[in-house]
Amino acid sequence: MTAVLSTSLPACVGADLEVPLVDGRRVVHADLDAAASAPPLQAVADHVAEVLPYYASVHRGAGYTSRVCTSLLESARDTVARFVGARGDDVVVFTRNTTDALALLARAVPGPVLTLDLEHHATLLAWRHTDHHVVTAAGTVRATVEALRAGVAAHRPALVAVTGASNVTGETLPLREIVELAHAAGARVAVDAAQLAPHRRVDLAAIGADYLALSGHKLYAPYGAGVLVGRRDWLDEAPAHLAGGGAVRSVAVVDGATDTAWLPAPQRHEGGTPNLLGAVALAAACRALEPVIDTAVPAHERDLADRLRAGLGAIPGVRLLSQFTDAPDRVAVVAFEVASLPAGLVAAALSAEHGIGVRDGRFCAHPLLARLTEGRDAVRASLGLASTAADVDRLVAAVAQLVARGPGWTYAQREGRWVPTPDPRDLDPLDVGTREGLPGCDR
């Protein structure tokens with residue numbers, strides 16, 4: 001197994017961050033939760049810092065800085081389009097994240113929607129106010145594709161929405177084949193690329209999919225922007241996703257009511273002042289990833305993910321989660337159960353005693369976890385550009401120690417989360433009044 005030199009990959013902010021342990025020591029943080037939110041690339045943070053002195057309103061400002069920012073915003077749109085292989089007539093709408101992008105698309109679909117039950121809630125719930133049908137994934141990719149084919153024939157959807165890579169198992173689906181079977185039945189395809197885009201090339205035109213959604217905070221640009229990219233016609237006909245300034249040609253009051261002429265997409269769905277910094281950050285991440293997304297990134301992550309799966313799989317009582325027995329590829333996301341310990345306790349001990357950040361829960365994919373774990377929480381380790389073999393080995397050794405000896409500190413459940421008791425660590429190192437224990441979602 002040949003490791004890819006870290007120097008061939010873009011650097012991440014915070015890779016050398018030290019965190020406290022409950023025993024008083026400090027260690028370099030092993031952030032193995034990239035699937036939830038990835039750290040910013042240094043190139044992204046540097047570019048945002050360069051843009052800040054010019055920050056101003058866009059599109060309607062006459063000042064020099066406004067003209068600069070307008071150019072930056074529209075250039076970011078072009079950069080993202082190139083990175084995801086958009087067709088020449090596709091539209092790029094900046095959103096808050098993948099969930100927001102799919103909610104926007106849900107208002108535009110003119111008919112039934114079909115999804116798999118293994119989807120993240122962002123994809124599974126977006127269509128809840130429409131005619132939505134869910135297909136149960138089978139134990140193999142091949143059988144799941146055939147189940148989708150049967151679902152398309154039975155329900156005649158306008159749209160088939162599928163994940164590019166599972167946020168629980170990392171398993172990928174054969175997107176081009178799914179697009180072909182959907183198009184043959186007159187349906188369009190939307191791809192949730194939130195977990196796929198940081199790890200593999202996503203080429204919208206080559207795949208043939210009609211829409212693609214992703215989040216900047218998973219693509220090493222955590223500045224509050226995501227995108228929906230795809231065919232213009234549905235988006236031009238849809239109600240404005242966020243009605244407000246910038247989304248209209250004109251507004252008049254006629255007989256006591258507003259009469260509005262809306263602009264086409266993307267402006268139609270980007271009402272209000274846009275998140276300029278989020279857009280330029282996302283574009284900067286795309287530029288930094290472009291030279292390595294086909295080569296160094298997948299090679300680096302496959303080596304580490306293979307090492308992680310082999311290490312965890314050799315620990316008695318640890319079970320790796322998988323939906324398919326024939327998955328053609330997996331991104332670097334590994335979920336597992338520890339038979340003797342609750343998932344939340346494992347995650348808390350890994351953090352408090354070893355300085356390792358992982359995620360626990362059901363990962364906003366409750367139907368999939370209902371099948372894989374009978375609804376129990378699991379632990380998820382997810383790798384990214386900043387991950388190293390030392391991080392992987394540290395996690396494997398820590399899990400093996402937990403299985404063999406149990407936690408070395410005392411823990412209790414508070415507000416639904418396992419926490420050290422007592423916890424001598426400073427949880428407000430920036431002195432801004434942070435609070436632990438609040439619920440959250442990873443998309």
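Mentor: Here's the inside space, followed by the cysteines, the backbone and a couple of side chains.

A word on ground rules: this is a predicted model, so local features need pLDDT of at least 70 and side-chain atom pairs count only at pLDDT 80 or more, while totals for chains, interfaces and linings use all residues. Numbering starts from 1 along each chain as its sequence is written, and side-chain values use heavy atoms, with hydrogens and water left out.

Let's start with the inside. Rolling a probe the size of a water molecule over the atoms shows where empty space is left. Here a cavity means a set of points, on a 1 Å grid over the protein atoms alone, where a 1.4 Å probe fits but cannot get out, and a lining residue has an atom within 4 Å of a point. Points are joined across faces, edges and corners, and the volume is the space filled by probe spheres set on them. Searching the whole structure that way turns up two cavities of 30 Å³ or more.

The largest cavity holds about 50 Å³ of space. Its lining is made up of L118, T163, S166, T169, E171, T172, L173, Q323, F324 and L368. To sort a lining, Ala, Val, Leu, Ile, Met, Phe, Trp, Tyr, Cys and Pro are called nonpolar, Asp, Glu, Lys and Arg charged, and the others, Gly among them, polar. On that basis the largest cavity has four nonpolar, five polar and one charged residue around it.

The second largest cavity comes to about 40 Å³. Around it you'll find A34, A35, A38, Q195, P198, H199, K218, Y220, L383 and G384. That lining splits into six nonpolar, three polar and one charged.

Now the cysteines. A disulfide is a covalent bond between the sulfur atoms of two cysteines. With the cut-off set at a pair of cysteine sulfur atoms within 2.5 Å, the count is zero disulfides. Take C12: it's in no disulfide, and the nearest cysteine sulfur, that of C286, is 15 Å away. C69 is too far for a bond as well, because its sulfur sits 19 Å from the closest cysteine sulfur, again in C286. For exposure, buried is under 20% relative accessible area, exposed is over 50%, and partly exposed is in between (1.4 Å probe, protein chains only). C12, at 10% relative accessibility, counts as buried, and C69 is buried at 0%.

A265 and P266 are joined by a cis peptide bond with omega of about 10 degrees, and P266 is in the loop between β12 (257–262) and α9 (276–289). Another cis peptide bond joins T421 to P422, with omega of about -5 degrees; P422 is in the segment after β19 (417–420).

Positive phi is worth a glance too. E374, not a glycine, has a positive phi of about 60 degrees, in the loop between α12 (366–372) and β17 (378–382). E374 is exposed, with 68% relative accessible area. E415 is also not a glycine, and its positive phi is near 50 degrees. You'll find E415 in the loop between β18 (411–414) and β19, and at 54% relative accessibility it counts as exposed.

β12 comes back in a strand pair, where pairing takes at least two DSSP bridges between two strands. β11 (residues 248–254) and β12 run antiparallel and are joined by six bridges, with S250 bridging to A261 in β12. The two strands form a hairpin with two residues between them, and D255 in the turn has a positive phi of about 50 degrees.

Last, two side chains and their contacts (heavy atoms within 4.5 Å). V13 is in the segment before β1 (18–20) and is partly exposed at 32%. Leaving out residues up to four places away in sequence, V13 touches P39, P40, L41, Q42 and A45. H47 is part of helix α1 (residues 42–51) and is buried at 17%. Under that exclusion of residues up to four places away, H47 touches V280, A284 and R287.

Key
1 Å grid on protein atoms, 1.4 Å probe; cavity = no way out; pocket = protein on both sides within 12 Å on 5 of 7 lines; lining within 4 Å. Helix = DSSP H or I, 4+ residues; strand = E, 2+ residues; numbered from the N terminus.
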